[in-house]
Amino acid sequence: MILIKNAKIYTMGLEGIIENGSILIENGKIKEVGNDIVAPLDAEVIDAEGRLVTPGFIDAHCHLGMWEDGIGFEGSDGNEMVDPVTPHLRAIDGINPMDVTFKEAYEGGITCVATGPGSANVVGGQFAAIKTYGNRVDDMIVKEPLAMKIAFGENPKRVYDAQKKSPSTRMATAAILRDTLMKTKEYIENLEQSKENPVLAPKYDMKMEAMIKVIKKEIPLKAHAHRADDIFTAIRIAKEFDVDITLEHCTEGHLIADQLAAEGKCAIVGPSLSDRSKFELRNLTFETPAILHNAGVKVAIMTDSPVIPLQYLPLCAGLAVKAGLDEMEAFKSITINPAEILGIQDRVGSIEVGKDADIVIFDGNPLTDVGCKTFATFIDGQRVK
């Protein structure tokens, strides 16, 4: 057992902020949270000495382990840029958990991420939610598959126009996605009919098999969309096929905040700490999270790592505070909000009894103090820093 005591705990749960609180950890889980906790005599006791303690931070959209640090083609495994439809690709088959960026992440307080394919393809493949500590991805999985990556806007246009093939327009991107979803529905119907008449069984199709979970709403589409019109196209197609969807990047979300709130959609915003490298980023601003939140949209902030190194996730949240986001909402945007958007809130995102003991002790406020250092990081109850 481990007891963390004398801490200012931001639980990000129903308990709110606990002053001079304690956390009891047993078998990788949070056993007790509150004041005046009595631990067994053999428990390891860590005195936080008044430091700030938070749940481990969560990045709801990155490519950790898919593009390895400091090398080119040899470590580039995030985009299979030969076919615009690749739903059968699984992030876990391309992740290298021994890349140095994992260590930088958990030492910076980021303990869980959603990672997966990039945005070169209309349908890129399957994201996974994983912990940031370990040497074998199979042992780090929180949820897999987590979501099906799709992409709108400039990226698939650019990739396939260069190859002189479709899609080279936004119309074609939408059409290819619709075609894939429709073929999946037909594939499912044929599978159902074959239960009574095996002759009608369709030929095995690995791509369609992967898409079945989307049609059955077991996983959402994870939609790369920066521009407002692309965001609306993503929502339009999701409605047409009655599938779940999360909005990734959402760079122009602040321009359509009221409509997104009316649609009941969440927004995973970022990477905002970058240059306007393409036209669809012309309205990039750190004000987006505050405007969306004020309109009633649940917001998570992401790095899109390696675009922004993962350890700077709290810095991005802090810059959103500087641009008008309430500080506690900024903490939510990298803890409980991404957990809920990703559907993994039963395990991570807050310091509550029964959840994974992913806990970080900071020497200061990681959002507002640029000199703040991580005193200790726990993942599944193991002290990794």
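Author: What follows is a set of questions on labels, each answered from a value and its cut-off.

Reader: What kind of model is this?

Author: It is a predicted model, where local features need pLDDT of at least 70, side-chain atom pairs count only at pLDDT 80 or more, and totals for chains, interfaces and linings use all residues. Residues are numbered from 1 along each chain as its sequence is written, and side-chain values use heavy atoms, with hydrogens and water left out.

Reader: How do you know that the radius of gyration agrees with a compact globule?

Author: The rule is 2.2 Å times the number of residues to the power 0.38, with the radius taken over C-alpha atoms. For 385 residues this gives a value near 21 Å; the protein has 21 Å, so the two agree. The C-alpha trace spans about 65 × 50 × 45 Å along its principal axes.

Reader: How many helices and strands are there?

Author: The protein has 10 helices and 16 strands. Both are DSSP runs, numbered from the N terminus: helices are H or I with at least four residues, strands are E with at least two.

Reader: Why is the pair Y106 and Y133 called edge-to-face?

Author: A pair of aromatic rings is described by the distance of the centres and the angle of the planes. Rings of Phe, Tyr and Trp (its six-membered ring) pair if their centres lie within 6.5 Å; planes under 30 degrees apart are stacked, over 60 edge-to-face, the rest tilted. The centres of Y106 and Y133 are 5.3 Å apart and the planes are at 75°, so the pair is edge-to-face. Y106 lies in helix α1, Y133 in the loop between β8 and β9, 27 residues apart.

Reader: What makes the contact of R178 and E240 a salt bridge?

Author: The term needs a side-chain nitrogen of Lys or Arg within 4 Å of a carboxyl oxygen of Asp or Glu. R178 and E240 meet at 2.7 Å, N to O. R178 lies in helix α3 and E240 in helix α5, so the pair ties together parts 62 residues apart in sequence. R178 has a relative accessible area of 26%, so R178 is partly exposed. E240, at 41%, is therefore partly exposed.

Reader: How many salt bridges does the whole structure hold?

Author: The search finds 29. Among them, K217 and D242 have their closest N and O atoms 2.8 Å apart. K29, K131, R347, D356, D358 and D380 are linked in a network of salt bridges.

Reader: Where does the charged end of R51 sit?

Author: The charged end of R51 sits over the ring of F375, 3.9 Å from its centre. The label needs NZ of Lys or CZ of Arg within 6 Å of the ring centre and within 35 degrees of the ring normal. K222 sits likewise over the ring of F127, at 5.3 Å.

Key. Buried means under 20% relative accessible area, exposed over 50%, partly exposed in between (1.4 Å probe, protein chains only).
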